[in-house]
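Welcome to a short tour of this structure. Take a look at the sequence and the 3D view below, and then we will walk through a few of its features together.

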Amino acid sequence: MAMESEHLDDVQISEPEGGSERSKLRRLSKKRVRRRLLSRVGRVFGTYVLSSLTRRIIAINLVGLIALVIGILYLNQFRAGLIDARVQSLLTQGEIIAGAIAASATVDTGTITVDPERLLQLQAGESITPTAGDDLESLDFPINPERVGPVLRRLISPTKTRARIYDPEGILILDSRHLYSSAQILRFDLPPPNVEEEGFWDTLWQWSKRWMQQGDLPLYQEVGAGDGRAYPEVEAALAGSPASVTRISQRGELIVSVAVPIQRFRAVLGTLLLSTQGGDIDAIVRAERIAIIRVFLFAATVTILLSILLAGTIAGPVRRLAAAADRVRTGSTTSREEIPEFSDRQDEIGHLARSFREMTNALYDKIDAIERFAADVAHELKNPLTSLRSAVETLPLARNEDSRNRLMEVIQHDVRRLDRLISDISDASRLDAELARTQSETIDIAELLWNMADAANERSDKGDPRVKLTVADAPGIKPYEVQGHDIRLGQVISNLLDNARSFSPKKGTVRVDLGRDGREIKITVDDDGPGIRAENTERIFERFYTDRPDGEGFGNNSGLGLSISRQIIDAHGGSISATNRIEAGKDGKDRIAGARFTIILPVGRKK
């Protein structure tokens, strides 16, 4: 039993240790999961929410807002208005206090006699000069500090203003800082025993405050009791005119001082100097700036949110378009990659999406056309190659000279056919690039047709069909001018003339008519051949397709001429079509008189 209990004790002790290890592993795994989740959220937030475009939009919007707030804080008119209001308030307050002080001034009537009527007759700047016959030997209204002190204390105590009274000599008589009643204790704040010098950052902050607020403001300095005239406002007030001065303290605090003369019967008895406490105005300005900063923070928050929403409406679709374009470029999908359309948006993003979609569809169509063209080329090249290989293999087995000559003619015919096919294929393959790269120019279609018709007639043999050109009159100096590529348009006309002459009978005529209908130029080429079967009027423009009766001229045409002609006309913004000319026969029935090819070109089209 003892052994069993010991075993049980061991088991009970070992389980918590294993459980603590498992709990540690679980906690570590949870931490890893949280870190991975936070890193993934951070990547998503940085990629989608704070993308490069989003950051730029936020920065641009905030720069203007920050510049506005800095301008308001630096060029704050509220501060100047507050100073002016405080000056006017101190002037009014000073005049009231100066009047009360002047009323409390006394005169010793036992030594002099006062004549108020004579005093009232004095003009500005005049004074009384006692003479031997005068009853007035002296006239003096002294300011009694004992009587003025209580009056000044009652008037100044409710305000946070410092008041100083100077006599006519500029000597300090009273200072409100040192006025106290019988129930008050006069306290002086002594400096601490160990004065620590201000640190660098504190000094820099005080200097920046002084620099931002000082401007042209003088620096405030305390003067001694006997040097009141050192203040220019006191000097002006002793001359009889109130004055005010705004200064800045060493700590960058504004101090507004107003000096008002104390007069009685036009005699200046002294000067009352009122000054605000340091930081009084700054506290109001600071509170106002804090309110501005709060408004700025709110406006910045709204601006950032709106910028993120705006960037989301721009960056999100652009990102989807870029991702779709990357998939198209890399060909990561087996089917056609659909570009987002954003059909519900009528702004530039919607236009960009539709343009991307149309461009991608055109690219896919071009790729499909290239694939079909490659398949057609391979198919067309196999026929002459197969014939050529059969002739080459049969040549050693020929028994006589005639057989060998016929085989050699087949070989030469197939070689010429291959050469013609390769030339036409090369011309067709580089046609799009050449049309896009070559600069268009002004072409006179009438002059081009005259040159092409003359050249065709000159190189024709006796008995070959002749080309007859008819140009209709049209208004204007040069009514048949278009923008395009003269060599390629000449190639189209040459193909149509050669095709019409090949189908026309001997000594026949190929008729070419040129006319204009409004903003379109119309060219028709008529022949006297058998015409075109109705079901083939569109197929003849397909690559490598030929439709000649009874195999006439087999192998002499690659079947690319009309296809290239349509490609050139389409590139010039026009159209080409084929129909049959119908005429009434001798028996009165309609018959096919030949084929007609019609070309429509726009006038003045810019490439």
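Let us begin with S565, which lies in helix α14; helices (H or I, at least four residues) and strands (E, at least two) are DSSP runs, numbered from the N terminus. This is a predicted model, where local features need pLDDT of at least 70 and side-chain atom pairs count only at pLDDT 80 or more, while totals for chains, interfaces and linings use all residues. Residues are numbered from 1 along each chain as its sequence is written, and side-chain values use heavy atoms, with hydrogens and water left out.

S565 counts as buried because its relative accessibility is 0%; buried means under 20% relative accessible area, exposed over 50%, and partly exposed in between, with a 1.4 Å probe and protein chains only. Apart from neighbours within four places in sequence, S565 is in contact with V492, N495 and I576, where contact means heavy atoms within 4.5 Å.

Next comes the helix pair. R488, L489, Q491, V492, N495 and L496 in α13 meet G561, L562, I564, S565, I568 and I569 in α14. By class, this contact has 7 nonpolar, 4 polar and 1 charged residues; Ala, Val, Leu, Ile, Met, Phe, Trp, Tyr, Cys and Pro count as nonpolar, Asp, Glu, Lys and Arg as charged, and the others, Gly among them, as polar.

Now for the salt bridges, of which the structure holds 16. A salt bridge is a side-chain nitrogen of Lys or Arg within 4 Å of a carboxyl oxygen of Asp or Glu. Here are some of them:

| Pair | Closest N and O atoms |
|---|---|
| R247 and E233 | 2.9 Å |
| E542 and R539 | 4.0 Å |

R247 lies in strand β3 and E233 in helix α7 (residues 232-238), so this pair ties together parts that are 14 residues apart in sequence. R247 is buried, with a relative accessible area of 6%, and E233 is buried at 0%. R566 belongs to helix α14 and E538 to the loop between β10 (520-526) and α14, so their bridge links parts 28 residues apart in sequence. R566 is partly exposed at 22% relative accessible area, and E538 is partly exposed at 45%.

Finally, the sheet. An open sheet of 5 strands runs in the order β2-β1-β5-β4-β3, with antiparallel pairing; two strands pair if DSSP finds at least two bridges between them. Its edge strands are β2 (172-175) and β3 (243-248), each pairing on one side only.
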